[in-house]
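Please look over the local geometry and the charged pairs of this protein. The notes below take them in turn.

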Amino acid sequence: MLGVDLGTTSTKAVLFTKNGTVVAHHTVEYPLFTPTPSTAEQNPAEIYQAVLTTIQETIRKSAIAPKDLLCVSFSAAMHSVIAVDAYGTPLTNCITWADNRSTKWAEKITEEWNGHDIYMRTGTPIHPMSPLCKLRWLKEEQSDIFTKAHKFISIKEYVFYQLFNQFAVDYSIASATGLLNLKNLDWDEEALAVAGVKREQLSHIVPTTHYFKGLNPDLAKQLGILPSTPFVVGANDGVLSNLGVNAIDPGVVAVTIGTSGAIRTVTDRPVTDPKGRIFCYALTEQHWVVGGPVNNGGMTFRWVRDTIASAEVETAKSLGIDPYEVLTKIAERVAPGADGLLFHPYLAGERAPLWNANARGSFFGLSLHHQKEHMIRAVLEGVIFNLYNVLLALEEQIGIPKKIQATGGFARSALWRQMMADIFDQEVTVPESFESSCLGAAILGLYALKEIDSLHVVSDMVGSTHTHQPIQENVEIYRELTPIYLRVSRKLSEEYNAIAAFQRKMLG
């Protein structure tokens, strides 16, 4: 089965056998257009072409017979919006989750238009990432485009329209729009009114196990597959990543740090937070993923590399070593807690748990004895502190986790993994899973075709590569610093808004 993941920076396709073994894979990258600090768009046609190329190249590399491909199943990034005409032609670029141009409207929905009640029904926090807010922004500030639009769709809906000439959205992507009522799995009338759209301007809602057949024969030949191959609509990347790392049992929490990051766990019913700090999205009608996304994961480490560690990067290049390994070694020389230096990693605003696009990064506690190595360690610790803050919100709804599964690029760093075990004060396991969202999509594809009767077959496909126990003396240090870290971010809420306003005035 072929799992295809439409990500923010690339599309990946991975061909798996029924037991989860990787047969072949291919990735195509594409740019994110950021002409202003608030804009983050992509070209839908580029992404569609990336889908075709990844499928074609993965099948070619595998050399399997077309009849041996069970299905193609999809994962996709959440919260994207594309306005299209009646022929499915885009009137806008793909407006991604990272686009913050609807910040003003998110604030208005929260403060004046019953935003919290809408969140409690839909599970998507009111934030500029949400299509609910993006649609209102389009209506108010891009009215020419808005009035011409026949439909408002996500990137995965665009791809399926190109493939099968039908507008369909799965429960999972729909549940991340801020427009879907989680209890009846239908569009929420009040949310539609706030967004300014009619239900006929949105796609037909289908289960994540829904599949299409009857691909254009010429296109099928180009891809190297049969026209009758089922294309399973699948789910969003976050919920499928949980499935792909075997974090679907109650109490098992997946923590992912890539460019951004997230904490997620699976429940058997929709769960929302009276304080509005976490999301709730559908995996299937019986599985719901609850958690919180953070904007600032590995990108903060990259910022350190690019801005304050240029000398170390040059040394690493001359020695043929990964710069991140050099920086990690430097951070290891500093004691846990970085001698009282804290870093709030809000370089790109923040989603969970603050849900404040105006949040900004800061070092706190900086004094004359601190050196560059303290700053590097504080940045790494700050990312984990922030994720722990999300976990505390999640624990109020689901209790203390019984298991932490850590995934993403950060899991390659033993130091970062140990920091998580120490700050969380829990055992941290790194599952052995290749491209977890692709594997999750492939497993969901098997489930859709009734080749398996339970998603729990993933437990036979995913082992573990590393396990870290908390080091008690480190736990005590972090336990003392955590309340300080939390109080600082809360007390700076008004100042975040003020400095963001100043920056927007100066930068445009």
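With which residue does Lys 104 form a salt bridge? The partner is Glu 141. The closest N and O atoms of the two are 3.7 Å apart. Lys 104 lies in helix α2, residues 103-112. Glu 141 lies in helix α4, residues 131-141. The pair therefore ties together parts that are 37 residues apart in sequence.

This is a predicted model. Each value here is computed from it. Glu 141 is partly exposed, with a relative accessible area of 38%.

## Other salt bridges

Side chains of opposite charge can pair when their charged atoms come close. The cut-off used here is a side-chain nitrogen of Lys or Arg within 4 Å of a carboxyl oxygen of Asp or Glu. By that rule the count comes to 24 salt bridges.

Arg 60 pairs with Glu 57. Their closest N and O atoms are 2.8 Å apart. Both residues sit in helix α1, residues 44-62. They are 3 residues apart, so about one helical turn separates them. Their surroundings can be read from accessibility. Arg 60 is exposed, at 54% relative accessibility. Glu 57 is buried, at 17%.

Asp 99 forms a salt bridge with Arg 101. Here the closest N and O atoms are 2.8 Å apart. Asp 99 is buried, with a relative accessible area of 2%. Arg 101 is partly exposed, with a value of 23%.

## Backbone exceptions

Most residues other than glycine have a negative phi, and most peptide bonds are trans.

Start with the peptide bond. Ala 352 and Pro 353 are joined by a cis bond. Its omega is about -5 degrees. Pro 353 is in the loop between β19 (342-344) and β20 (362-364).

Next come the phi angles. Asn 165 has a positive phi, near 60 degrees. Asn 165 lies in the loop between α6 (155-164) and β9 (168-170). Is Asn 165 buried or exposed? Asn 165 is exposed, with a relative accessible area of 54%. Asp 425 also has a positive phi, near 55 degrees. Asp 425 is found in the loop between α15 (414-424) and β22 (428-432). Its relative accessible area is 33%, so Asp 425 counts as partly exposed.

## Gln 418 in helix α15

Gln 418 lies in helix α15. What does the side chain of Gln 418 reach? The side chain of Gln 418 reaches the backbone oxygen of Gln 469, at 2.9 Å.

Gln 418 touches His 468, Gln 469, Pro 470 and Ile 471, leaving aside residues up to four places away in sequence. How accessible is Gln 418, buried or exposed? Gln 418 counts as buried, because its relative accessibility is 17% and the cut-off for buried is under 20%.

Notes
Residues numbered from 1 in each chain as written. Predicted model: local features only at pLDDT ≥ 70, side-chain atom pairs only at ≥ 80, totals over all residues. Heavy atoms only, no water. Helix = DSSP H or I, 4+ residues; strand = E, 2+ residues; numbered from the N terminus. Buried < 20%, exposed > 50% of the residue type's maximum accessible area, 1.4 Å probe, protein only. Polar contact = N/O pair within 3.5 Å; in protein donor to acceptor, adjacent residues only side chain to side chain. Contact = heavy atoms within 4.5 Å.
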